[in-house]
Amino acid sequence: MKQLKVDAIKDGTVIDHIPGGKAVQVLKILGGGKEATVSIGMNLNSSKLGKKDIVKIENHELSADQVNRIAIIAPTASITIIRNYDVAEKRKVEIPGKIDNITHCPNPNCITNKEDIRTLFDRYRGADDDKTEFMCHYCERIYPADGLKIKVG
Ligand SMILES: [Zn+2]
């Protein structure tokens, strides 16, 4: 049996229940965690997800905006804020209604890929509510959340 060993952190954020293999994208969303100490556990066994990733960020509490960005690629994620070794707050991620300039549009002919324009996607509610899809504000194409490429930096 593989046992997950999570070293306690004094202050910071633990992002758990990230779908297996998505931790790297989560870090991209957070801008690489520049000065924070980040540790990652990948492909850990999870009864809920099969495989999951965990990201721990020391001395950094995620903003609501960052939490919503994470929801785009890891809708199952749970966020725990740690202060002085104690759980100060637990948050569930919420899939945002809009994605403002976080992802590229996958459509190569989209104007956002030709000119310097902020990308904007609106949550698209089709017949199948289980799917998370977004529509590009400019070319009006619809893409699944995990088909959108996160901008780096
Ligand atoms: Zn587009």
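Predicted model: local features only at pLDDT ≥ 70, side-chain atom pairs only at ≥ 80, totals over all residues.
Figure 1. Seven residues of domain 1 are in contact with five residues of domain 2. Domain 1 covers residues 12–92, and domain 2 covers residues 98–150. Taken over C-alpha atoms, the centres of domain 1 and domain 2 are separated by 23 Å.

**Figure 2. The area buried between domain 1 and domain 2.** The size of an interface is often expressed as the accessible area that is lost when the parts come together. Between domain 1 and domain 2, about 610 Å² is buried, and carbon and sulfur atoms give 75% of this area. On the side of domain 1, Lys28, Arg69 and Ile72 supply 64% of the area buried against domain 2, more than any other three residues. The count of salt bridges between domain 1 and domain 2 is zero. The count of residue pairs in polar contact between these domains, with both residues at pLDDT 80 or more, is likewise zero.

**Figure 3. The site of the zinc ion.** Four cysteine residues, Cys105, Cys110, Cys136 and Cys139, coordinate the zinc ion through their SG atoms, at 2.3 to 2.4 Å. The angles among the four donor atoms are 104 to 114°, and the site is tetrahedral. Along the sequence, the spacing of the donor residues is C-x4-C-x25-C-x2-C.

**Figure 4. Accessibility of two zinc donors, Cys136 and Cys139.** Cys136 has a relative accessibility of 2% and therefore counts as buried, since the limit for this class is under 20%. Cys139 has a relative accessibility of 24%, so this residue counts as partly exposed.

Notes. Residues numbered from 1 in each chain as written. Heavy atoms only, no water. Donors = N, O, S within 2.8 Å, 3.2 Å for Na, K, Ca; no water. Tetrahedral: all angles 85-135°; square planar, octahedral: opposite > 155°, others 65-115°. Buried < 20%, exposed > 50% of the residue type's maximum accessible area, 1.4 Å probe, protein only. Domains from an automatic or database assignment. Contact = heavy atoms within 4.5 Å. Buried area = accessible area lost by both parts, 1.4 Å probe. Salt bridge = Lys/Arg side-chain N within 4 Å of Asp/Glu carboxyl O. Polar contact = N/O pair within 3.5 Å; in protein donor to acceptor, adjacent residues only side chain to side chain.
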